[in-house]
Protein chains: 2
Amino acid sequence: MARKQPVAIVFDTFGTVVDWRGSLIADLTAFGKTRGIAADWPALMDKLVAEFGIKGLTEQDLVHINLGWHRLNGWPDSVPGLTRLKKQFVIGPLSNGNVSLLTYMAKHAGLPWDMIFGSDLFGHFKPDPETYLGVAKMMDLAPDQVMMAAAHNGDLGNARKCGLLTAFFPRPNEYGPHQKRDYSAERDWDIVAKDIEDLAEQLGV
Amino acid sequence: MARKQPVAIVFDTFGTVVDWRGSLIADLTAFGKTRGIAADWPALMDKLVAEFGIKGLTEQDLVHINLGWHRLNGWPDSVPGLTRLKKQFVIGPLSNGNVSLLTYMAKHAGLPWDMIFGSDLFGHFKPDPETYLGVAKMMDLAPDQVMMAAAHNGDLGNARKCGLLTAFFPRPNEYGPHQKRDYSAERDWDIVAKDIEDLAEQLGV
């Protein structure tokens with residue numbers, strides 16, 4: 001394989017690995033059933049998204065909304081794709097969530113991380129370079145031995161500025177019908193895949 | 001179950017989870033074969049242990065000796081026991097090794113940790129309270145929601161001083177024929193088990 005291979009791959013989590021919108025809708029629906037409340041939960045979520053706008057609803061907002069829930073589920077390809085990648089690479093989330101939230105979430109969703117790179121380990125949130133470079137430092141690796149994987153072009157742009165390898169795959173339904181961007185790769189990322197299983201395929205595992 | 005149940009269980013690693021002496025002997029034996037060197041590697045290891053003495057050969061010495069090897073294996077009950085415990089508890093190593101060493105070691109030995117509590121996360125080595133209490137803080141738990149599991153009475157004594165629950169199981173062959181202590185529980189630890197599988201059994205998983 002001519003392509004430069006990473007030693008570790010870190011994943012943006014909200015949207016990229018877990019389907020926060022779909023999970024919250026399912027959770028609210030189940031809650032509504034136990035309390036006898038019939039509501040259009042998808043419409044509520046979409047209103048929330050539309051009201052805040054994609055630019056306004058940051059990853060930190062999502063962390064806050066979900067804090068204490070720990071019940072988000074992976075996309076269908078997340079667990080099988082990560083399980084394949086784990087055979088050859090160190091894998092972990094690199095998220096603005098903290099270790100505690102990301103650990104409980106991984107247990108619920110069955111995400112087979114090797115290590116949890118919560119923002120509290122670095123004392124910084126993405127896009128601060130201390131997060132991307134902190135993973136490399138913690139794992140005794142050079143920046144280009146770490147690959148950032150995300151469904152968000154912006155996250156990858158910041159990772160590339162720090163010298164990390166980059167992998168993109170789209171999550172066109174992350175925000176439901178109000179999604180306005182990140183339908184496709186906007187730059188020449190090192191890998192452009194369909195999803196996490198395809199990422200594993202392209203990395204030869 | 002009347003016993004107080006933890007949310008997270010952290011494990012001393014060198015000796016408690018991985019068999020450093022047996023693994024190093026096997027590794028040196030394999031190395032010797034490829035180089036045509038026939039030597040009494042167990043005797044060499046035992047001489048090293050005897051020379052340094054159990055008190056002299058600290059966990060940090062072992063980390064240093066093993067750094068870069070990443071090839072230590074679990075005791076026979078480690079992977080099956082941890083796999084059972086992982087179903088109900090957050091599990092991780094709490095070791096004086098750093099995140100990098102412990103992560104690569106876990107991949108080699110197949111240890112299914114949820115989170116790696118390396119000493120670099122706390123900027124302290126055991127027995128400093130910052131390590132035991134650091135786990136509780138990082139996981140948003142009270143100290144008595146965390147259980148320290150170790151084959152070393154001393155480690156458990158320090159954990160108990162910080163308010164953690166304690167679990168002991170012996171590793172009578174950790175140091176080979178020169179082992180002088182830790183054959184049995186020396187205090188009324190919250191759980192005294194035969195090994196990690198028995199710990200899972202006693203915790204009802």
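**View 1. Ser78(A) sits in helix 4 of chain A in this predicted model.** Helix 4 covers residues 78–86. Ser78(A) has a relative accessible area of 0%. Because that value is under 20%, Ser78(A) counts as buried. Beyond its neighbours within four places in sequence, Ser78(A) is in contact with Val17(A), Arg171(A) and Ile196(A).

**View 2. Chain A and chain B are related by a turn of 180 degrees.** Chain A can be laid on chain B with an RMSD of 0.0 Å. The shift along the axis is 0.0 Å. The two copies are therefore related as by a two-fold rotation axis. The same surface serves both copies, and 100% of the contact residues of chain A recur in chain B.

**View 3. Met115(A) is the residue of chain A that comes closest to the rotation axis.** Its C-alpha lies at 2.8 Å from the axis.

**View 4. Chain A and chain B bury about 1600 Å² between them.** Carbon and sulfur atoms account for 61% of this area. In chain A, Tyr104(A), Lys107(A) and Met115(A) lose the most area to chain B. Together they make up 31% of what that side buries. The contact takes 20 residues from chain A and 20 residues from chain B.

**View 5. Asp114(A) forms a salt bridge with Lys107(B).** The closest N and O atoms are 2.7 Å apart. The count between the two chains is two salt bridges. There are also 10 residue pairs in polar contact between chain A and chain B. Helix 5 (residues 99–109) of chain A gives the largest share of the side that touches chain B, five residues. By class, that side of chain A has 12 nonpolar, three polar and five charged residues.

How values were computed
Residues are numbered from 1 along each chain as its sequence is written. Chains are lettered from A and ligands numbered from 1 in the order in which they are written. This is a predicted model: local features need pLDDT of at least 70, side-chain atom pairs count only at pLDDT 80 or more; totals for chains, interfaces and linings use all residues. Side-chain values use heavy atoms; hydrogens and water are left out. Copies are superposed by least squares on the C-alpha atoms of residues with pLDDT of at least 70 in both. Contact means heavy atoms within 4.5 Å. Helices (H or I, at least four residues) and strands (E, at least two) are DSSP runs, numbered from the N terminus. Buried means under 20% relative accessible area, exposed over 50%, partly exposed in between (1.4 Å probe, protein chains only). Buried area is the accessible area (1.4 Å probe) that two parts lose on being put together, summed over both. A salt bridge is a side-chain nitrogen of Lys or Arg within 4 Å of a carboxyl oxygen of Asp or Glu. A polar contact is a pair of N or O atoms within 3.5 Å; within protein, one must be able to donate a hydrogen and the other to accept it, and residues adjacent in sequence count only if both atoms are side-chain atoms. Ala, Val, Leu, Ile, Met, Phe, Trp, Tyr, Cys and Pro count as nonpolar, Asp, Glu, Lys and Arg as charged, and the others, Gly among them, as polar.
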